[in-house]
Amino acid sequence: MEQSWRNGITATTGGSKSLLILVILLLAQLQALSARHIFAASAGTPRSFIRNGSTSEEQDSVIVRRNLLANGLAITPPMGWNSWNHFSCKIDENVIRQTADAVVSTGLAKLGYNYVNIDDCWAEIARDEKGNLVPKKSTFPSGIKALADYVHSKGLKLGIYSDAGYFTCSKTMPGSLGHEENDAKTFASWVGFLVALLVAISSLILLDVKMDMQFPQGIDYLKYDNCNNDGSKPTVRYPVMTRALMKAGRPIFFSLCEWGDMHPALWGAEVGNSWRTTNDITDTWESMVSRAEMNEYYAELARPGGWNDPDMLEVGNGGMTKDEYIAPLLIGCDVRNMTKETMQILANTEVIAVNQDPLGVQAKKVRMEGDLEVWAGPLSDYRVAVLLVNRGPRRTSIVAHWDDIGIPPKSVVMARDVWEHKTLKTRFVGNLTATMDSHACKMYILKPIS
Ligand code: GLA
């Protein structure tokens with residue numbers, strides 16, 4: 001069933017099947033309609049309900065209850081890039097294309113950073129005569145469909161931005177309030193002829209290989225902001241877009257950017273794949289740490305399929321260095337011009353592995369003594385991730401006690417320093433102590449060995 005939203009192709013023989021597949025592929029753009037029905041059913045809406053002649057409102061209400069988590073996305077926190085933190089409104093199609101190029105050429109894509117997300121300011125202030133959003137002609141002259149083709153041709157995914165209000169936060173483009181279905185359809189339908197052709201050609205070449213290809217179609221991720229709305233509650237406005245995305249027939253990661261106004265962690269899992277728990281981050285230590293703190297409050301509500309979102313990374317924008325915990329990893333710097341140090345931080349495979357651990361349990365602050373903090377969370381394979389943070393002004397040591405971090409007190413533990421990429425020679429019993437500078441942190445993976 002999870003395959004049903006894919007446009008799966010199985011090609012086992014050559015010859016006549018080639019032509020057939022080519023025709024099927026060139027018709028790919030017409031598939032949105034049928035996929036829409038299949039997806040609605042596959043996402044958990046009982047088929048009998050769809051068939052039994054109920055009204056569309058009744059169908060909607062069922063879809064709302066089962067909702068987006070059935071879109072199969074966000075099994076681990078999303079990784080990628082977003083334009084806002086570095087570029088704010090100064091974006092255009094070249095920046096997005098060059099970013100996609102850089103995400104691949106730097107090796108970030110291979111590490112899992114695969115969403116390229118356009119934030120605010122990509123559309124004209126007015127919709128067209130049919131009520132559709134119009135990409136801004138001066139900055140996105142080729143349109144978003146062409147951009148989606150380009151980003152998909154690199155093996156990446158494209159994200160877009162809208163708002164559950166009349167205008168977005170920049171007030172330079174319309175929001176989707178009252179246009180949810182139309183906009184969701186637009187986002188899902190941005191697939192170009194070129195993509196269909198590329199897939200067709202590759203399938204012809206690989207014809208003797210059994211393939212199950214997922215067509216790259218349209219938008220893959222929607223960040224949905226909360227500005228300039230009608231005063232109604234986010235719990236009313238956001239699910240309207242949830243339903244609209246469900247109907248659009250394409251699994252689109254739905255990122256609720258509600259800033260934590262109405263504790264979205266409490267209701268977000270049924271509505272989207274991640275929810276901002278905080279207002280906007282700035283490029284300072286205090287801002288980052290306070291966002292981590294607000295996010296921690298909801299730790300127990302994060303899970304595969306739906307994540308607390310403490311806002312995007314500021315690494316590489318100049319103000320700070322490290323920002324790691326179980327949360328979306330969305331780069332917010334100019335990846336076309338990164339320093340070696342920025343790249344080293346973002347490309348730390350051991351830290352990424354903690355973020356993407358299949359257990360999907362968010363770490364918590366387990367101990368705080370003044371400015372000294374111990375954070376910990378379980379990982380797969382009976383391991384524990386521990387973060388020691390010195391928020392104070394002086395160099396000092398911090399102790400992580402086994403009984404604070406969920407390891408039996410007498411266990412002998414092997415510790416791996418994931419910033420230094422070293423397994424420590426010492427075997428630890430009862431606790432581990434590290435000394436660190438002001439505003440520094442240390443992160444270990446602890447594995448009980450006896
Ligand atoms: C809000 C969001 C930010 C960004 C801007 C764009 O402030 O919280 O992340 O998307 O809007 O205007």
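**Ligand and cores**

Author: This is a predicted model. By class, the ligand's shell holds five nonpolar, one polar and six charged residues.

Reader: Which residues surround the ligand?

Author: W84, D119, D120, Y161, C169, S170, K223, D225, C257, W259, R276 and D280.

Reader: How far is a ligand oxygen from an N or O atom in the side chain of D119? And of D120?

Author: For D119, the distance is 2.7 Å. For D120, it is 2.7 Å. The side chain of W259 also has an N or O atom 3.1 Å from a ligand oxygen.

Reader: How much of the ligand's accessible area does the protein cover?

Author: The protein covers 93% of it. On its own, the ligand has 310 Å².

Reader: New topic. Which residues touch the most other members of the largest nonpolar core?

Author: I118, W122 and F187. That core has 77 residues.

Reader: What does F187 contact, leaving aside neighbours within four places in sequence?

Author: F187 is in contact with W122, L133, I160, S162, G218, I219, L222, M241 and I252.

How values were computed
Residues are numbered from 1 along each chain as its sequence is written. This is a predicted model: local features need pLDDT of at least 70, side-chain atom pairs count only at pLDDT 80 or more; totals for chains, interfaces and linings use all residues. Side-chain values use heavy atoms; hydrogens and water are left out. A residue is near a molecule or strand if one of its heavy atoms lies within 4 Å of it. A polar contact is a pair of N or O atoms within 3.5 Å; within protein, one must be able to donate a hydrogen and the other to accept it, and residues adjacent in sequence count only if both atoms are side-chain atoms. Accessible areas come from the Shrake-Rupley method with a 1.4 Å probe; for residues, only the protein chains shown count as cover. Ala, Val, Leu, Ile, Met, Phe, Trp, Tyr, Cys and Pro count as nonpolar, Asp, Glu, Lys and Arg as charged, and the others, Gly among them, as polar. A nonpolar core is a set of buried Ala, Val, Leu, Ile, Met, Phe, Trp, Tyr and Cys residues joined through side-chain atoms within 4.5 Å. Buried means under 20% relative accessible area, exposed over 50%, partly exposed in between (1.4 Å probe, protein chains only). Contact means heavy atoms within 4.5 Å.
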